[in-house]
Amino acid sequence: MNEHAVVIAGAGPTGLMLAAELALAGVDVAIVERRASQELIGLRAGGLHSRTIEVLDQRGIADRFLSQGQVFRAAGFSLIPLDISDFPTRHNYLLQLWQNQIERILADWVGELAVTIYRGRDVIGFVQDDTGVNVAVCDGQPVRAEYLVGCDGGRSLIRKAAGIAFPGWDPTTSWLIAEVEMAEEPKWGFHRDALGAHAIGKVENGRSARVVLTEPQLRLDSEPTLRDVSEALIAVYGTDYGIHRPTWISRFTDVTRQAAAYRDRRALLAGDAAHVHPPMGGQGLNIGVQDAVNLGWKLAQVVKRTSPESLLDTYHTERHPVAARVLRNTMAQVALRRTDDRTKALGDTVSELLGMDEPRRRLASEMSGLGVHYDLGEGHPLLGRRMPDLDLVTADGPLRVFALLHDARPVLLNLDEPGGFDIAPWADRVQLVDAKHVGTWELPAIGAVTAPTAVLVRPDGYVAWVGDLTQVGLADALTTWFGPPTAV
């Protein structure tokens, strides 16, 4: 029997990101993936939002993605563009990049970190006990792990086998999506009619088109065919443009569900296994990657016995509300795409509101992930929010904050006189950096904040403590997030 500290079911973006986070922390992690290779048929999801790019920047790999994608200075809410070019971040844009490219880049990084991937295999069940999980694999060779994480999509076997409820809302609308070749030049771009919104876009290979079509009635009964796409095109455009040679054809709906719990003892969920919703705004892949970054360092510390198992409870506490907000805004976007006159009037009103600065900033902060706020108690406005990527001056020269997070280790950043902090009991886990910063501190969601004297930054880039040389509350924060002190 193969044994690992953590086994991840699924090598999509969430599973790959989680594996990398665990590997950076020195944890023995393996992925079980049904595909024989990382190849993904079709383009699937596309787009990296600002906070996801920041997360990748925190690990020093953002340039790998930026070199392959196309920058757009706006997020979108129900086809209403939300300008984010004025947001105080180095990445105030959406990066258009398809999922197959995202996965390839992440898989290359995971390969560099020497993560074991069992390809061409499927998890078919598991049994938990007090010390670990026996994971059954379709090839008959079980795997033993201390923890199992389901990153295996909306139909997650891990979630079902764990008996975790998946409440939500049944589908009301379905869409056809396909990548096909066309004999005739189509009507490119978005098109609205009595059925809803439709789109035809160019694929990078120059030969194919990506088609998204709202169906006249909800369809759940069968796998879609090329004939279904042809008939839908004719109904909307009056012609099917001579479609042929489909690369892939699929159907999606507005089904919206969220796991009641993200953890059952030694089994955890992340990404689509924990939450599904319509793809409006391109948020699903992004919050899955951010799930992984929230969970990774916590699970690593528990596996390494640095922190108690109760630290894993904060994963659900922090990430469940974030996904709940996404479910809400995607449901709202679907509702705004209805074609009756009253919904159109509502859409016009919403568009006018989002043309105002405050509503735009608030909603765009949510859509981009830059406005995430974990409830870590009362205190400085930075507490529980993303740490800005400030330009620092240190004894060793200029440095960006995100460069301090490349190894996924926490940082106590002292912006007062050097030598004012002594964190020797946590020195094996937490970096202490003395630095200076000149300039304002500004966050997209809340604007300018008072510059603090010191901040404790978690490996996921969120602020766990804000204080000064009196160090009030620092020892408690260090213990809560990074384990009890070591005798020195």
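**Helix and sheet packing in a predicted model**

Reader: In E15, which residue is the bridge partner of phenylalanine 190?
Author: The model is predicted. Four bridges join E14 to strand E15 (residues 197–202), and the two run antiparallel. In E15, phenylalanine 190 has as its bridge partner alanine 199.

Reader: Which strands are the edge strands of the sheet?
Author: Five strands form an open sheet, with antiparallel pairing. The order is E14-E15-E16-E13-E17. Each edge strand pairs on one side only; they are strand E14 (189–192) and strand E17 (243–253).

Reader: What angle does the direction of helix H6 make with that of E17?
Author: Helix H6 (residues 226–237) packs on the sheet. H6 touches strand E13 (174–182), E14, E15, strand E16 (208–214) and E17. Its direction and that of E17 make an angle of about 85°.

Reader: Are H1 and H7 roughly parallel or roughly antiparallel to each other?
Author: The axes of helix H1 (residues 13–24) and helix H7 (residues 284–303) come within 8 Å. They cross at roughly 25°. Angles under 35 degrees count as roughly parallel. H1 and H7 are therefore roughly parallel.

Reader: How many nonpolar residues does the contact of H1 with H7 have?
Author: H1 passes H7 in a right-handed crossing. On H1 the contact includes Met17, Leu18 and Leu22; on H7 it includes Leu285, Val289 and Leu299. By class, three residues are polar, one is charged and the nonpolar ones number 11.

Conventions. Residues numbered from 1 in each chain as written. Predicted model: local features only at pLDDT ≥ 70, side-chain atom pairs only at ≥ 80, totals over all residues. Heavy atoms only, no water. Axes fitted to C-alpha atoms, helices over the stretch in contact; angles between N-to-C directions. Parallel < 35°, antiparallel > 145°, perpendicular 65-115°, else oblique. Left-handed = near helix turned anticlockwise from the far one by under 90°. Contact = heavy atoms within 4.5 Å. Nonpolar A, V, L, I, M, F, W, Y, C, P; charged D, E, K, R; others polar. Pairing = 2+ DSSP bridges.
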